[in-house]
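Please read it with the sequence and the structure side by side.

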Protein chains: 2
Amino acid sequence: MSEPTNLTEKTLSARPAYRGKLLNLDVLEVELPDGRASQREIIRHPGAVAVVPLLPDDRVVLVRQFRSAADQVTLEIPAGVLEPGEDPEQAADRELQEEIGLHAGKLERLGGVFPSPAYTSEYIHLFLATVLTEGSLPRDEEEFIVIERLPFADVLQTALAGEIADSKTITAVLLAARKLGR
Amino acid sequence: MSEPTNLTEKTLSARPAYRGKLLNLDVLEVELPDGRASQREIIRHPGAVAVVPLLPDDRVVLVRQFRSAADQVTLEIPAGVLEPGEDPEQAADRELQEEIGLHAGKLERLGGVFPSPAYTSEYIHLFLATVLTEGSLPRDEEEFIVIERLPFADVLQTALAGEIADSKTITAVLLAARKLGR
């Protein structure tokens, strides 16, 4: 196979195939780099934030929740979807307050990831939150979660052992470890 | 908020909202742990494999490709979707042959992740591939990719610096680093 230097596909048309509450699905007609036509099924997602909240005693605040799509209870860092026009830092603090009742005095960006770039536009902004104080926003009533506070070293170990199923949690914890020099 | 010990949602019904080539989207009516009803939009995905192919000279084979959903060219480890009934190890070797033309003499499991458990059932099996030899399967003609061979240490550094956008690639490289004692 030749290795083309131009890899970009041109989108010829986009057909809305599903419009929902969280997800929109479009079917794109694209022109491949060699001029042939192909189709792509794409989830349009508003983007998200995920936050590693680190307490002064070096424990991380995590949430356990049931995920229908994964058909299991997962252990994840607090996370949520961006609201229209919302700044990622603002969203990070809002999600912390809604999910675990804490406000972040300090937010540091850890980077960002596409969880599944083959078919979803979702981009997750990752943060480390410290200087945590009691939040002022109401807790989200729709979320059934159990809060866990675990030592950072244990969470890192668990992530490295491949024992955390949620991809963004592994990535964010490993990036936080690097920032913290662990 | 109380912290219920039973977090599991009961699926009351599933309505197929979209049926496509790669993706199926269902809208579920669920019963929350407190008995109230809610809705979930779920992508049904066949699952995937992603592989860190490590050459004897300690270089990793990566692929650059355009991702419509992310609207950018990404740097990723070889990966692909499971075929019906296919064993993940078989799929890992098939994808290596189709994408980079190499057969894995040795495949070691690194774990697995849900890239976005909030709305997709996709589960990615992660592998480290070594003892690489020339593949016998034909290369996939539909994929426009550029193959890159980069030293493992550089890829690890890039992943840790938050400079890789693809979540599975970061996770797999970091898990491989641990297995290899780097």
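1. A salt bridge, as the term is used here, is a side-chain nitrogen of Lys or Arg within 4 Å of a carboxyl oxygen of Asp or Glu. By that rule the side chains of Arg67(A) and Glu76(A) meet in a salt bridge, at 2.9 Å from N to O. Arg67(A) counts as buried at 16% relative accessibility, and Glu76(A) is buried as well, with a relative accessible area of 0%; buried means under 20% relative accessible area, exposed over 50%, and partly exposed in between, with a 1.4 Å probe and protein chains only.

2. On the basis of these values: this is a predicted model, in which local features need pLDDT of at least 70 and side-chain atom pairs count only at pLDDT 80 or more, while totals for chains, interfaces and linings use all residues, and side-chain values use heavy atoms, with hydrogens and water left out. Residues are numbered from 1 along each chain as its sequence is written, and chains are lettered from A, with ligands numbered from 1, in the order in which they are written.

3. Chain A has three helices and ten strands, where helices (H or I, at least four residues) and strands (E, at least two) are DSSP runs numbered from the N terminus. Of the 182 residues of chain A, 55% count as buried, and its C-alpha atoms fill a box of roughly 60 × 35 × 30 Å along the principal axes.

4. In helix H2 (residues 152-160) of chain A, the buried residues are Phe152(A), Val155(A), Leu156(A) and Ala159(A). They lie on the same side of H2(A), because they cover an arc of only 100° around the axis, the arc being that of the directions from the helix axis to the C-beta atoms. These buried residues pack against several elements of chain A, including strand E10 (145-151), and also against helix H3 (167-180) of chain B; contact means heavy atoms within 4.5 Å.

5. Which residues of chain B does Ser116(A) touch? Leaving aside residues up to four places away in sequence, Ser116(A) touches Pro115(B) and Glu122(B). Ser116(A) is found in the loop between strand E8 (102-113) and strand E9 (124-134) of chain A, and it is buried, with a relative accessible area of 5%.

6. Within chain B, Arg94(B) forms a salt bridge with Glu98(B), the closest N and O atoms being 3.2 Å apart. Both Arg94(B) and Glu98(B) are buried, and they are separated by about one helical turn because they are four residues apart in helix H1 (residues 88-100) of chain B.

7. Asp58(B) has a positive phi of about 70° although it is not a glycine, and Asp58(B) is partly exposed, with a relative accessible area of 26%. Asp71(B), also a residue other than glycine, has a positive phi near 55°, and Asp71(B) counts as exposed at 60% relative accessibility. Most residues other than glycine have a negative phi.
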